Each structure stands twice: as C-alpha cells, then as structure tokens.
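Hi everyone, thanks for coming. I'd like to walk you through one model today, starting with a helix and ending with the pockets. Here it is on the screen.

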Amino acid sequence: MRVTQNMMSNIFVRNLQKQTEAMLQRQEQLASQKRINRPSDDPAGMARVLDGRSSLAAIDQYVENIKQGKSRLEITEATLEQVDDLVQQAGDLAKANSGEEITAEQREFAAENIKEIYDHIMQLANSKFGGRYMFSGYQTGTAPFTRDADPNISTDDYTAAYNGDSGSFQIPIADNINVSVDADGRNYFGDGASGLFFELQKLINGLESADLAAGTAQIRETVDPLEAAHVQIMNKRSEGAPKQYRLEASEQYWANFKSKVQEAMGRDEDADITRVAVELNNLKTAYETSMAAAAKIIQRGLVDFLG
C-alpha cells in the first residue's frame with residue numbers, strides 16, 4: 001500500500017491529539033489532585049467514590065445526632081442535679097418543721113422557702129433543649145407543667161398539671177438503631193395529682209395550716225414521699241451514664257469507620273502526584289519529540305501550522 005503525504009499527516013495529527021489529551025488529563029489531575037474528575041475517567045471507580053460519599057454523608061449525620069444526644073444528656077443531668085438539691089432542701093425543711101414545738105411564724109417562713117423551691121423545680125421541669133421542651137414527651141412545643149391552670153380557681157394553691165405525653169427523645173446513631181431518652185415528665189416529677197409537685201403542695205398546706213396539730217401531721221406525711229422523690233430523681237440520673245457511654249462509643253466507632261471509608265475513596269479517587277508529574281513530563285517530551293520528527297517527514301507548512 002502506498003503511504004501518501006496526506007495519510008502521514010492524518011496519523012501525525014491523531015497522535016498529537018492523543019498526546020495533547022493525555023497531557024491535559026495529567027494537568028487536570030495535578031490541579032485537582034484527583035485521579036477521577038468525571039465518570040468517564042473510571043466508571044467503576046467513580047461508582048465506588050459516589051458510594052463512599054453517600055456513606056460519609058450518613059456518618060456525618062449520625063455523628064451530629066450523637067453530639068446532639070450527648071448535649072441533651074448533659075443538660076438533663078445538670079437539670080436533674082439542681083432538682084435533686086432542691087428536693088433534698090424541701091425534705092430537710094419538712095423534717096425540721098415537723099415537730100410540735102415549731103411555731104406558726106417558723107412554719108410561715110419555711111412555707112415561703114418551699115414555695116420558692118416549688119417554683120424553681122417547675123422552672124427546671126419546663127427546661128428546653130434546642131428550643132423544645134425536654135420533659136413533655138412528643139409534645140415538645142408545649143410546656144410540660146403548669147401551675148394553678150384551672151380558671152375556676154382564683155387562689156394560688158400550687159396545683160400542678162402535666163400537659164405532655166409519654167413520648168421519648170430518640171437519638172439515631174446507626175441505620176434503624178436509636179438511643180432512647182425518657183422525655184415523659186411524669187416519670188421525673190409526677191403528674192401533679194401525685195409525685196413531687198403534689199407532695200410539695202401538701203407540705204405548703206401543712207406549713208400554712210392554722211391548726212398546728214393538723215399541720216404537723218400533714219408535714220410528717222410528706223417526709224417519706226419527698227425522700228422517695230429524691231430516690232426517683234437519682235434513679236433517673238443513673239439512666240444517663242450508660243446512654244452517654246454508648247453515645248461516646250458510637251461516636252468513636254464512626255470516627256474510625258469514617259477514616260477507613262476516606263482511605264478507600266482515596267485509593268480510587270486521589271492522584272499519585274509524583275507519578276502524575278513524571279507522566280506529564282514524559283508526555284511533554286514525547287510531544288516535543290513527535291513534533292521534531294514530524295518536521296523532518298511531512299511538509300513544513302503543516303508543522304508550522306500545528307505548532
């Protein structure tokens with residue numbers, strides 16, 4: 001077969017185009033430091049990279065959930081610690097004023113202290129986290145406890161009512177795996193008709209009773225229930241420690257797993273900069289050699305035009 005000048009020129013042009021494309025690809029890899037910059041670079045590798053990115057997004061969301069959960073548990077613990085201190089103060093006042101020798105004036109002063117404790121505990125029971133009530137179950141937009149909410153009663157009788165439900169706070173830490181935190185305020189403070197607020201109400205009534213003997217009996221009736229309320233708060237506080245540990249362990253697991261996913265993605269996606277630089281230099285040398293060789297073989301005008 002006769003090889004014409006035109007055939008040689010076409011072969012030369014195609015080779016130069018391939019070399020130019022290869023150099024552009026290496027230059028792009030150096031600039032981005034990525035071996036895969038588009039699906040066509042490596043379809044199978046890009047599929048693995050996209051799967052890795054999806055995994056990283058899920059991991060980041062779980063880690064964020066865990067951080068929020070840890071903060072929720074820390075705030076719950078700090079809140080209950082204050083509540084427990086107040087409950088113990090109320091119990092001490094009940095014991096100190098349960099004797100028949102205590103005067104009406106002393107009990108009146110103690111009653112004012114208990115009222116302050118009552119209001120402080122209700123404030124804590126209505127604590128929020130992230131703009132949502134912590135102890136109202138799923139009714140996070142509703143204050144879990146209200147005092148003297150009955151419009152038919154005008155007196156300040158320290159009657160509490162629970163307005164939430166039995167819902168819990170769920171912390172997603174993995175696919176279909178949640179850590180549940182009790183958000184039912186009744187399990188912490190009672191429902192108003194029984195429990196902590198009810199006992200504090202009874203204590204206030206006993207301290208303010210005009211009948212000192214009857215008041216003494218009523219005060220004494222609150223001593224054991226207030227101790228039980230203290231134990232209940234302590235039990236609820238103890239629930240937080242294992243949940244906190246589980247969240248921390250899960251957070252560490254995801255940190256380790258994330259590094260493994262990133263390493264796997266890097267093997268597919270990241271460019272070997274040293275190797276790419278050497279390849280680019282070799283391609284430039286080959287390109288220049290091709291141009292020099294072509295200048296001796298094909299018409300000079302075409303070489304000048306392509307150069």
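Let's begin with helix α5, residues 196-208: its 13 residues reach 18 Å from the first C-alpha to the last, close to the 18 Å expected at 1.5 Å a residue. That expected span is 1.5 Å times one less than the number of residues. Helices here are DSSP runs of H or I with at least four residues, strands are runs of E with at least two, and both are numbered from the N terminus.

Before I go on, a word on the source: this is a predicted model, where local features need pLDDT of at least 70, side-chain atom pairs count only at pLDDT 80 or more, and totals for chains, interfaces and linings use all residues. Residues are numbered from 1 along each chain as its sequence is written, and side-chain values use heavy atoms, with hydrogens and water left out.

Back to α5. How many of its 13 residues are buried? Ten are, so the helix is mostly covered; buried means under 20% relative accessible area, exposed means over 50%, and partly exposed is in between, with a 1.4 Å probe and protein chains only. Among the buried ones are Leu196, Phe197, Glu199, Lys202 and Leu207.

Now the overall picture. The protein has eight helices and six strands, in the order α-α-α-β-β-β-β-β-β-α-α-α-α-α along the sequence. Of its 307 residues, 38% are buried. If we take contacts (heavy atoms within 4.5 Å) between residues at least 6 apart in sequence, 70% of them join residues at least 24 apart.

Glu251 sits in α6 and counts as buried because its relative accessibility is 19%. Beyond its neighbours within four places in sequence, Glu251 contacts Val63, Ile66, Lys67 and Lys70. Gln88 belongs to helix α2 and is partly exposed, at 36%.

Most residues other than glycine have a negative phi. Tyr158, in the loop between β3 (145-147) and β4 (160-162), has a positive phi near 60°. Asn176, in the loop between β5 and β6, has a positive phi of about 65°. Which of these is buried and which is exposed? Tyr158 is buried at 8%, while Asn176 is exposed at 75%.

Finally, the pockets. On a 1 Å grid over the protein atoms alone, a pocket is an open set of points where a 1.4 Å probe fits, with protein on both sides within 12 Å along at least five of seven lines; lining residues have an atom within 4 Å of a point. Volume is the space filled by probe spheres set on the points, which are joined across faces, edges and corners.

The largest pocket holds about 250 Å³. It is lined by 13 residues, with Arg72, Phe129, Arg132, Thr140 and Phe169 nearest its centre. The elements giving two or more residues to that lining are α2 (43-96), β2 (132-133) and β5 (168-174).

The second largest pocket has a volume of about 170 Å³. Its lining has 14 residues, and Leu73, Arg237, Glu239, Gly240 and Ala241 are the closest to its centre. Which element gives the most to this lining? That is α6, with seven residues.
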